[in-house]
Amino acid sequence: MDSKPESFESLRRLLTLKRYECPPPGYFDDFAQQVLIGIQHRPESAPTTAERLGWELPWLQRFLEILTAKPALAGAVGVIACGAMVVGILQAERLDSLTVVNDAEIQPALALPAGEAAMVFNQPLEHPALVADTNALAQPSLIPPEELFGRNLPYQQVKFPFPSP
Amino acid sequence: MKEHPSADAPAEVTNPPGPGTPTAEDDAELVRRTRRGDLSAYDQLVRRYQERIYATIYHMTSNHADANDLAQDTFIKAFHALKSFKGGSSFYTWLYRIAVNRTINFLKQRRHRTHLSLDNLDANAKNDPDLVAFVSEKTPRREVSLTELQEKLNEAMQQLSESHRLVVTLHDVQGLPHEKIAEILDCNVGTVRSRLFYARQQLQGFLSEYLK
């Protein structure tokens with residue numbers, strides 16, 4: 001851009017004038033002291049979150065400035081963000097409904113009479129409805145567990161006497 | 001505020017010249033001590049950078065009182081934010097960012113009430129070879145005084161946008177290299193160069209009466 005420095009030579013010389021602008025004599029003698037007094041007595045001068053963002057995440061500040069300067073762009077970004085959220089919600093609902101359908105297909109097999117259910121438990125799971133699931137890692141198992149957490153569970157048959165009316 | 005009175009081209013001021021020059025290691029040690037609550041360490045940091053931070057803000061505002069308030073505010077904010085300083089850049093660069101952000105925010109708020117309150121010119125200005133050459137050879141108005149030139153120059157600077165004034169201040173007045181300015185402003189070097197070119201063009205237009 002500034003491939004022709006000679007074209008700004010006069011301006012550059014004039015700008016050297018600014019280097020000679022000096023604050024009043026002795027100004028810097030107690031400047032540091034004033035700062036230390038300010039640190040101790042002006043807690044309100046602590047940087048705000050917005051100010052911290054300004055120097056720690058300058059790109060974010062620039063983005064917000066652009067949005068502030070161009071309301072139409074801010075509106076477009078808002079519409080895109082809302083649209084993305086709606087699509088996300090719809091997608092999540094679609095996945096949920098697919099899961100419900102699969103569960104409904106599995107349910108009749110579980111509702112078989114006790115004798116037939118025992119047969120089902122002893123058969124290999126060939127019916128696709130029994131193995132279909134959206135979660136590949138957790139295939140449904142209709143075989144009752146013999147062990148829970150690696151331990152044989154003792155069981156005891158109980159009878160509850162019901163008082164006659 | 002004579003960073004480079006005799007330099008032909010802006011020279012880097014990121015590392016102040018001369019023996020006893022403060023190094024990044026010195027700064028890091030002073031920052032560590034300040035974090036431990038040693039205010040004398042922060043006092044040293046303030047004394048080390050007060051002139052350059054003040055100068056940057058002053059050249060942006062062209063107002064001594066505003067520059068004084070903003071420079072103090074910058075150091076106070078930097079002290080409170082020191083815990084979040086991760087050391088990804090030098091302390092000086094980080095401090096510059098705070099000063100620049102604070103100043104630009106201030107300028108946006110006072111956009112329509114610019115009041116110049118210029119610092120006096122150092123007596124050595126009359127002997128600067130660049131200025132002598134400028135006044136005696138370049139300008140068609142040889143009767144013009146340095147004080148008048150100073151006023152016109154500051155008025156022209158105030159007509160630039162904040163971002164353009166900033167690159168002129170950092171590069172042409174303070175002598176920072178493009179790369180350092182890009183680091184401070186968190187943009188690429190090409191952006192700095194293009195802003196500088198555009199700002200110089202504008203300044204040349206504003207000061208055409210003095211730059212024939």
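The entries below begin with the contact between the chains and end with chain A by itself.

Entry one. I kept in mind throughout that this is a predicted model. I looked up the contact between the two chains and found that chain B gives 57 residues to it, while chain A gives 36 residues.

Entry two. I then asked which elements of chain B supply at least two residues each of the side that touches chain A. The list comprises helix H2 (39-61), helix H3 (64-80), helix H4 (91-109), strand S1 (120-121), helix H5 (129-138), helix H6 (146-159), helix H7 (162-173) and helix H9 (189-206). The largest share of this side of chain B, nine residues, belongs to H2(B). By residue class, I noted that the side of chain B touching chain A holds 27 nonpolar, 13 polar and 17 charged residues.

Entry three. I turned to the strands and found that strand S1 of chain A, residues 21-22, pairs with S1(B) in the antiparallel sense, over two bridges. Within S1(B), the residue that A:Glu21 stands opposite is B:Leu121.

For chain A I recorded seven helices and three strands, and reading along the sequence I wrote down the pattern α-β-α-α-α-α-α-α-β-β.

How many of the residues of chain A count as buried? The figure I noted is 11% of its 165 residues. Last, I looked up the contacts in chain A with a separation of 6 or more, of which 27% are accounted for by residues 24 or more positions apart.

Terms used
Residues are numbered from 1 along each chain as its sequence is written. Chains are lettered from A and ligands numbered from 1 in the order in which they are written. This is a predicted model: local features need pLDDT of at least 70, side-chain atom pairs count only at pLDDT 80 or more; totals for chains, interfaces and linings use all residues. Two residues are in contact if their C-beta atoms, placed from the backbone, lie within 7 Å. Helices (H or I, at least four residues) and strands (E, at least two) are DSSP runs, numbered from the N terminus. Ala, Val, Leu, Ile, Met, Phe, Trp, Tyr, Cys and Pro count as nonpolar, Asp, Glu, Lys and Arg as charged, and the others, Gly among them, as polar. Two strands pair if DSSP finds at least two bridges between them. A residue is buried if 20 or more other C-beta atoms lie within 10 Å of its own, exposed if 12 or fewer, and partly exposed in between; C-beta atoms are placed from the backbone.
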